[in-house]
Every structure is written in structure tokens, then in C-alpha cells.
Amino acid sequence: MTTTFEQTGPRTPVVESIRVDKLSPRSRLAGRARAIIATVLALISLIPVFWIIRTAFIPLNEVTAIPPKIIFTPSLEGLVGLLTDDRILSESALAAKRNDPNLSFVDRVMLNAGREVVGSSPYASQLVNSVVIAGASTILSVFFGLLSAYAFSRFNIPGAGDLLFFILSTRMLPPVVVTIPIFLMYRSLGLHDTHIGLILLYTVFNLSFSVWLLKGFIDEIPREYEEAALVDGYTRLQAFRKIVLPQALTGIAATTVFCLIFAWNEYAFALMLTSQNARTAPPAIPSILGSGGIEWNTIASGVLIFLIPVVIVTFALRKYLLRGVTFGAIRK
Amino acid sequence: MATIELIQVEKKFGANYAVKPMDLTIRDGEFLVLLGPSGCGKTTTLRMISGLESVTAGCIKLNGRDVTWIHPSQRDIAFVFQFFALYPHMTVRDNIAFPLQAQQVPRAEVNRRVDEVVKLLQIEHLLNSRPGALSSGDQQRVSLARALVRRPAAFLMDEPLGALDADYRETMRAEIKRLHIDQHATSVYVTHDQIEAMAMGDRIVVMSAAMVQQVGTPAEVYYDPANLFVARFIGSPGMNLIRGQYEQGQFIFPRGDRYTVPANWRPALDKALNGAGEVILGFRPESGKVEVQQTDNLIKAEVYASDMHGGFSMLHLDVGAPNVVHIRANRDTDFLMGERVHFGLDPAMVRFFHPQSELAIRREEN
């Protein structure tokens, strides 16, 4: 019952590697094509932004010129018109005004457009309202979202799945459906046209989003880190602050930007629930129609100024965002 | 430094036991190893001692103080995790200093103790790097340093070598052993690797299916396993176990070979089996000896396979299908497959087990 075995395989040791790690010309070409396509797509999506910038600085009488003007003498007419209340002057009044030696820069800009400044517009204070309301609601929704996401991620909560679904379900109704009931409630609660009213509403709406997003990020942080901190002599809250928080920064940044953009752009509730005191910029911009025809350059200026804060925040948090929005795509 | 007592400690998840009620006393300065296959409850036991997992019943005492419901941070124990759990956003120095900062130790004292412990572990050159940049062995050294710096009452280690590369493992094993002797600290060490357990433990607690199977010194669990599980689990390969008949001082192999059991076993076997019956014979691979010539009390077998292990050869002998026994032989021995051989057993090294209860049959002490 003796069995013999025959040896197969290379008889001499393999001393030279034949593996080729270099990219093939074809895949290098594909990489370049990808970059070109990405650039083209980025340019296409930037066209509206370029157009807004153009329109914001074009004089009113050239806004609707056909064919559209790309090259023109930039003017601050739109910007000044946005921040001031003005009226159209007659030819004779214009001539009289031109000779006035005490004209300010602002007056002069408007005079060139045949207008006279009569006061300041509410846009600046509306922009401040937007900053206050969007900022406060973002901070609140990220703060509370972080706490409850941590609880959902780490503790054994009875019915956690149902609770999470319930939280998410607040997102399932389109806002328009609930505006009327909320309007009625806010009126009787005295929250109509108040900053607190809108802050509260945006916080509630963003909370579902922030809980879900942050829970995903916190789930990714291994529990061992906190456990190590616990046995090292820290309380649960200290461990959260010193260990979880620094590691969740990416998620917090991504959530902040998403919440901020929602609160900043929100239109329907702001239109229904505010009038003068707490009116934010989004419902205010369409109402800048102007006295003599639609002042497109003024509206474009409003949009341009409105875009700037979000761009700044997004830019400041960009290094976290890159990891944040692709989160979940790669498992470690 | 500390004595740890577990009194009827148990852990249930729903209706299932993760750890069945167990009693255990870990002596002051002892290196105790919790050993078992994955899912046997050894890590849960360790986590209950640390307070990271709550007990469902029972009582844990540290130096006589009841700590069953005390927060982990108040227990004065250090925990070393399998995946190190070094805080990735801090430098090595900050990681090691972190437990001291919790106790509000003055800065100068923190620096002094960190320097002391990094010197002990020879990781001075790593102080300013981040954990992510270190090799797995160095990461584990840092996490040991973090545990040591506090001078806790007890060290709990959850498979600290499990995530290391093979070549670091031997080195770190020796380092941990030296550290233990140096610090004389009570240590509880969880592992699934029985070689590690044998090499490091003062005592080993073998666990399986949420139950403690045996508590004993490495020699005890190796030579006198309490039951079939321990016999199989300890050793590589485990103990050879053959089911056969016992009658009149002889063990009958499945194929009919008769093996006369050592005289000092006869009274115990007669008593346990009421004179005759089915029994399981066990012996370690190194207690068998292969002979080519048939002499007295040898068992017939055919060579099934033989492996060269460098220092020795492992022979796999067919003693009647499906029973293959493993016997350690001299490395010069060379047998062909299917060759007929005989093997004898060291009379001091044979063990017997009860086939139903699976428990070891014990000799009366003489």
C-alpha cells in the first residue's frame, strides 16, 4: 500500500518577477478623459453662477439687451439699488441734481441710472435675520443631533429602530403640507414673525437629518476608544468630549453644512411665517421687483450676496467635507 | 497589589448565557489566563471584571471591596485592547499621559512617569508620533505603556497579541511576561491561543460554551485535563482519544488489539466502570513510542502520514478507521505510508475518560 507522489511545478527557483505594475496607455488615456469630462461638467454647472455675477454688475439698460452682452462697463447700480430705496427722476430733476456739489458716491451711482436715493432698503436687516436664524438653528440641530445620535449608536435603547424611523418620518411630508397648521399654531402661540419661531422650526426639520447622518459617523468610531477612556478614569461625558468629539469632526462638519444650506435656502415656511420683523432673505429677494420694470441687476445682486455666506462656510469646512460626503463609500 | 474575586458571576443576553455562574479567585500578583475558543465567554468575563459589561447576577470583589456596580473609571484597573484602542488624534505622549490627566496629576509628575514608563518599554523614540504611523508591535507597546503608567491594581488584557504579526508575537509575549514579573501586578489575560496560555499563565482557566471547564496550572491542564474538551483543546494536536472497551485490566482497541493498562489505573477503572465497559483512552502525542519490532503490550498500527516539523516528526497512525492517533517521533525516523508499525505508551502518561459524562476518571492518590 505504498503510494508514490510525483512533484510538479517549477524545478528551479523563480528569481525574476514578471509582474508589470505600470498603467497601460489605454487606462492612462481614460484617466485624462475623466479629468476633461469632470472639468466640462464643473464649467456647465458654474454657468448660472457666472451669469448671476454678470447680471449683478451690468447696468439696468443693458440687462435685457439682445444679443446678451458679455463685455460691458461694470456698474454698482444693482448693488446700490439692492441696499437702497430709490425713485426715478424726471429729466429736469436729473439735470438739477447733477449740479448738486454735495452728492455722495452712492447718490452718484444711482444718478447715472437716472434715479434718486430716498432711503435704505430692508435687505441688509433681512440678511442679518437669515444669518441669525440659519446659524442658530444649525448649531442647535447639530448639537442635539450629536447627543441623540451618540445615544442611538452606543446605548441599548428599547425600540431604537422604531424611534429612528419615527424621527426620519418627519422628513416624509413635503413642508407645504404642514405650513397651514403650523401657521395657525404659530399665530396662537405668538411665534409668528419671530426669530425664535423660525429657529425652532428649522431645528426640528434638520434634527431628523442630523441624527441619521451623525449616527452613521459615530457608528464608525470603534467603541474601544471610549471604553479605553472609561477604564482610564474618565466619565462617559468626558470620554465623549475628549475622544468621540474630535474623531467625529468630519461628520459634524458635513452635517453642519447640510443643515446650514437647508436653513439658509428655506423659502416656503419663511414666506408664510414671517412678515417684517423676522423675514429672511429668500422670500425677500423675489419681492425686489423695482419701480420701473423688473430690476434684474438688483435681484442678481441680492442673489450674489445671499450666496456668499454659504460659500464661505463650505470653503472653510472643505477639508472635512471631502471625507464627509464620500463617507460610507470606502470601508476601512 | 490586588485580589480579584468572582462570586457566582453570570451574564445573560436575553435567555442565553454568555457566562454561566462562575466562581473564581485571582490571587495577588498572579498571571491568570482565560483560555477558550471564540464565543466561549472569556472576553465577556474580562469585561465584567473591568466594569465595561454589567453582570446579570453575582458579585465581583477587588481587594475585598465590592465593585460589582462601580463605574469602570473607579475600579483602578487598566485594560489592554486587542486592537490597541490608541486615540488616533493624540500623539503617543498624550496617549500615555491620558489616564494620569484624569486623576489631575501635576504636569511635572505626569512627564516624569511617562518618561519612566517609555524607558521601561523602550519606546522613547516614538513619543511624538501618532499611533497610525506605528507598527502593530509598537502600537501594542504604547497601549501597554498607557496601562502601566497609572500603576493600577490589576491589568486586564484582551488578546493583546491577537492583532500582531507572527514575528512580533514571540517578542511581545516575552516582554509582557517580563513586565509582569517586574511589576508583580495581578493580571488577567484573555487568549484563544493555547500555546500563549501555556507559555504565559501562572494558572489557566479553560472556558467553553459559557462555562469554566477547568482551572489549573499549565501543567495540570496539559497533563490532567478535567474533561474531553480540555484534553482536545490543549496541545497541538490535542490529546489522542480512542473509544474502546475495558475489561479485566485491559483496554480493547476498536480493531481488537489489547493494551494492558498500567497497574495503578486498575482500581480506579474497575470502580468507575463497575468492572467493565466502554471507556475513552487518552494520551499525548509525545507519550507514544513507535517500535518496529513487536514486543509486549504494543498496539498495531499503519502509518497514515508523517510530517516533518523540523525538530521532530509527527506520525499519524491508523489504529482502525476512523481512529488516527498522532505520535511524536524522532526527527530521523522515516516511515513509508502504509507501513506496519507498533507503538507503546508511557505508563505514567495514559489518561481515561468516561464516555457519557466526558469527565476524566481520576486515580486514587497513593
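Reader: How many bridges join strand β9 of chain B to strand β10 of chain B?

Author: Five bridges join β9 (residues 203-208) to β10 (residues 211-216), and the two strands of chain B run antiparallel. The model is predicted: local features need pLDDT of at least 70, side-chain atom pairs count only at pLDDT 80 or more, and totals for chains, interfaces and linings use all residues. Residues are numbered from 1 along each chain as its sequence is written, while chains are lettered from A and ligands numbered from 1 in the order in which they are written.

Reader: What counts as a strand, or as a pair of them?

Author: Strands (E, at least two residues) and helices (H or I, at least four) are DSSP runs, numbered from the N terminus. Two strands pair if DSSP finds at least two bridges between them.

Reader: Which residue is the bridge partner of B:Val205?

Author: B:Val215, in β10(B). The hairpin of β9(B) and β10(B) has two residues between the strands, and B:Ala209 takes a positive phi near 50° there.

Reader: Which other residues have a positive phi although not a glycine?

Author: Among them are B:Asn63, at about 55°, and B:Glu159, at about 45°. B:Asn63 lies in the loop between β4 (57-62) and β5 (65-66) of chain B. B:Glu159 lies in the loop between β7 (154-158) and α5 (166-183) of chain B.

Reader: Is B:Glu159 buried or exposed?

Author: B:Glu159 counts as buried, because it has 22 C-beta neighbours inside 10 Å. The cut-offs are 20 or more other C-beta atoms within 10 Å for buried, 12 or fewer for exposed, and partly exposed in between, with C-beta atoms placed from the backbone. B:Asn63 has 15 other C-beta atoms within 10 Å, so it is partly exposed.

Reader: And where does B:Gly41 lie?

Author: B:Gly41 lies in the loop between β3 (31-35) and α1 (42-50) of chain B. This glycine is buried, with 23 other C-beta atoms within 10 Å.

Reader: What does B:Gly41 touch, not counting residues up to four places away in sequence?

Author: B:Ala18, B:Val19, B:Met207 and B:Ala210. Contact here means C-beta atoms, placed from the backbone, within 7 Å. B:Met207 is 166 residues from B:Gly41 along the chain, yet their C-alpha atoms are separated by 7.2 Å.

Reader: Switching to helix α2 of chain B. Which of its residues are buried?

Author: In α2 (residues 92-102), the buried residues are B:Val92, B:Asn95, B:Ile96, B:Ala97, B:Phe98, B:Pro99 and B:Leu100. They pack against α3 (107-121) and α4 (136-148) of chain B. B:Gln104 follows α2(B), with a positive phi near 55°.

Reader: What is B:Ile96 in contact with, leaving aside its neighbours within four places in sequence?

Author: B:Val114, B:Val117, B:Val118, B:Val142, B:Ala145, B:Arg146 and B:Val149. B:Ile96 is also one of the residues that touch the most other members of the largest nonpolar core, which has 138 residues. Helix α9 (residues 195-220) of chain A gives the most to this core, with 11 residues. A nonpolar core is a set of buried Ala, Val, Leu, Ile, Met, Phe, Trp, Tyr and Cys residues joined through C-beta atoms within 7 Å.

Reader: How many residues does the contact take from chain B and from chain A?

Author: 20 from chain B and 16 from chain A. On the side of chain B, β6 (77-80) and α2 each supply at least two residues.

Reader: Domains of chain B. What does the assignment give?

Author: Domain 1 (4-228) and domain 2 (237-361) of chain B; the bounds come from an automatic or database domain assignment. Their C-alpha centres lie 39 Å apart, and the contact takes five residues from domain 1 and seven residues from domain 2.

Reader: Where is B:Pro237 found?

Author: B:Pro237 is in the loop between α8 (228-233) and β11 of chain B. A cis peptide bond joins B:Ser236 to B:Pro237, with omega about -5°.

Reader: In what order do the six strands of the open sheet in chain B come?

Author: The order is β13-β12-β11-β14-β20-β21, with antiparallel pairing. β13 (258-260) and β21 (360-361) are the edge strands, each pairing on one side only. Three bridges join β12 (residues 250-252) to β13(B), and B:Phe251 stands opposite B:Tyr259.

Technical notes
Two residues are in contact if their C-beta atoms, placed from the backbone, lie within 7 Å.
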